[in-house]
Amino acid sequence: MIDRGWQRAFEDPIQLPDGRTLVTLHDAATFITALPKKESDLPEWQAAIEALMLVSRSGPTMLARIAVMRALNRGHVRAFDLSRKDKHWAQA
């Protein structure tokens, strides 16, 4: 039997910074509803809520996982590390 609704599990559970893990859509929804209103009103969290509601009806859980991960990492800026860049074969 296929999992349906809010009990559907993510293919890859989401690790939270505090060590907890979000395994199902319900876990993610509960986490978001526990956020302070000021934070949950941010566009990234609103997009995550919308994705969770859509996926709870049908669709790939990866869509909701991506939305939640984007909201969790909204302030993180990836820095480009030049020391890891390989030299082009023609350059000396």
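## A walk around the core

Begin with α4: β1, β2, α1 and α3 are among what covers its buried residues (helices are DSSP runs of H or I with at least four residues, strands are E runs of at least two, numbered from the N terminus; buried means under 20% relative accessible area with a 1.4 Å probe, protein chains only). Before you go on, note that this is a predicted model, where local features need pLDDT of at least 70, side-chain atom pairs count only at pLDDT 80 or more, and totals for chains, interfaces and linings use all residues. Residues are numbered from 1 along each chain as its sequence is written, and side-chain values use heavy atoms, leaving out hydrogens and water.

Now select the buried residues of α4: Thr61, Ala64, Arg65, Ala67, Val68 and Ala71. Because they cover an arc of only 165° around the axis (taken from the directions from the axis to the C-beta atoms), they sit on the same side of α4.

Next, pick out the largest nonpolar core, 18 residues in total (buried Ala, Val, Leu, Ile, Met, Phe, Trp, Tyr and Cys joined through side-chain atoms within 4.5 Å). Phe10, Leu22, Ile32, Trp45, Leu52 and Val68 have the most contacts inside it. β1 (9–15), α1 (25–33), α3 (43–57) and α4 (61–72) each give two or more residues to this core, and α3 has the largest share, with five.

Hop over to α1 and colour Leu25, Ala28, Ala29, Phe31 and Ile32, which are buried. Their arc spans only 160°, so they share the same side of α1. Packed against them are β1, β2 (21–24), α2 (37–40), α3 and α4.

Conventions
Buried means under 20% relative accessible area, exposed over 50%, partly exposed in between (1.4 Å probe, protein chains only). Contact means heavy atoms within 4.5 Å.
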